[in-house]
Amino acid sequence: MRRWVLAIAILAAAALFLGAEAQSVQQGHQTERISGSAGDVLEDNPVGKLKVYVYDLPSKYNKKLLKKDPRCLNHMFAAEIFMHRFLLSSPVRTFNPEEADWFYTPVYTTCDLTPSGLPLPFKSPRMMRSAIQLIATNWPYWNRSEGADHFFVTPHDFGACFHYQEEKAIGRGILPLLQRATLVQTFGQKNHVCLKDGSITIPPFAPPQKMQAHLIPPDTPRSIFVYFRGLFYDTSNDPEGGYYARGARASVWENFKNNPLFDISTDHPPTYYEDMQRSVFCLCPLGWAPWSPRLVEAVVFGCIPVIIADDIVLPFADAIPWEEIGVFVAEEDVPKLDSILTSIPTDVILRKQRLLANPSMKQAMLFPQPSQPRDAFHQILNGLARKLPHGDNVFLKPGERVLNWTAGPPGDLKPW
């Protein structure tokens, strides 16, 4: 009974607060600036701090793939496409490679889709290897650093390990040719084979226009305490159960399917976005990888993300104060979720909601078309700018070689 009373009190206070806060934003009032270095990074403008040269590759590496299957524009891995489009018209682009700080190779590694629309990156390593051989043959810049001043967007589940199942991704490892390059990827987990040192972790793609179309009145009460829609078991890829999400999602279902504070289901209703805006907490458990688009959706809709993914490396962690806006629950503590969430003081919840209402916070998680100041594109550029100037170890001495062009699984060596 105490939990019920506390939950109702929290919901009532949150509804009153969010209505006033959202109304302030709607009227154009400036929201509270995020304290500490996070605010400075979010406000930072990378233009003028770096120059990027975009390789002009044959369309078979990018635009032809997209033309063959436009569904690539809408899945959670579409950041690789929109980053390419952004850079083509960005003021940081240079047409003179001699003055470039960074070189970008536009390869759409997640555009090979199954009939159900899921990317299967089995051809991705061969495609990436082929693209690197092409730029190494036709331009001198890869060879002088073996990719240390190049960056690639690799947004699939386990990034440049190019597999959707963790065990097989770990067995593959990151494509050896990319060992000196900077990877821009959604995957992030501490001390993991598939997370390369110096990688820039980004949010998955979520469609900004679609979310904008589902905004509800800002004074709508948050009458749902805990919300989640998604798979609890992946029987097709994990028939024995327990491996998917390391059992965390199954534990959510088994422990809370009948708990009235938890609105959880495998259904994905047409009111999904509206429901998130009516919720105080939104569960963001790991799936096959530690992240999902729910993280983006929760931030955009002001729903406090409950992050269940041990050792996750969150997107733009130096720009967004995740500890202040989210709740972190260890995978082994999932059975205690109800007591953990109902014990959070109301003032703490209100502060998290106030921070989530900051427009800059939401903007940093999105890839809008056209680009806007402080969005995810600019956060990526900020990440690249902070890695400048390149150190003395970037450019190879005459005759020095680091990479082995024949390294990697045998399948990767086939022509593409």
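The lining of the largest cavity comprises 7 nonpolar, 2 polar and 2 charged residues, where Ala, Val, Leu, Ile, Met, Phe, Trp, Tyr, Cys and Pro count as nonpolar, Asp, Glu, Lys and Arg as charged, and the others, Gly among them, as polar. The model is predicted, so that local features need pLDDT of at least 70 and side-chain atom pairs count only at pLDDT 80 or more, while totals for chains, interfaces and linings use all residues. Residues are numbered from 1 along each chain as its sequence is written, and side-chain values use heavy atoms, with hydrogens and water left out.

A cavity is a set of points, on a 1 Å grid over the protein atoms alone, where a 1.4 Å probe fits but cannot get out; lining residues have an atom within 4 Å of a point. Grid points are joined across faces, edges and corners, and a volume is the space filled by probe spheres set on the points. By this rule, 3 cavities of 30 Å³ or more are counted.

The largest cavity holds about 80 Å³ of space. Its lining is formed by Phe158, Glu166, Gln189, Tyr243, Ala245, Arg246, Leu286, Gly287, Trp288, Ala289 and Pro290. At least three lining residues come from each of domain 1 (52-205 + 375-412) and domain 2 (208-365), the bounds being taken from an automatic or database domain assignment. The second largest cavity holds about 40 Å³, and among the residues that line this cavity are Phe232, Tyr233, Asp234 and Asp238. Its lining divides into 4 nonpolar, 3 polar and 2 charged residues.

Aromatic pairs number 24 in the structure; rings of Phe, Tyr and Trp (its six-membered ring) pair if their centres lie within 6.5 Å, and planes under 30 degrees apart count as stacked, over 60 as edge-to-face and the rest as tilted. The pair of Trp142 and Phe152 is edge-to-face, because the ring centres are 6.3 Å apart and the planes lie at 80°. Trp142 belongs to helix 6 (residues 141-145) and Phe152 to strand 3 (residues 150-153), so this pair ties together parts that are 10 residues apart in sequence. Helices (H or I, at least four residues) and strands (E, at least two) are DSSP runs, numbered from the N terminus. Trp142 and Phe152 are both buried, that is, under 20% relative accessible area (1.4 Å probe, protein chains only).

Phe158, part of the lining of the largest cavity, forms a tilted pair with Phe187, at 5.0 Å centre to centre and 50° between the planes. Both Phe158 and Phe187 are buried.

Technical notes: On a 1 Å grid over the protein atoms alone, a cavity is a set of points where a 1.4 Å probe fits but cannot get out, and a pocket is an open set with protein on both sides within 12 Å along at least five of seven lines; lining residues have an atom within 4 Å of a point. Buried means under 20% relative accessible area, exposed over 50%, partly exposed in between (1.4 Å probe, protein chains only).
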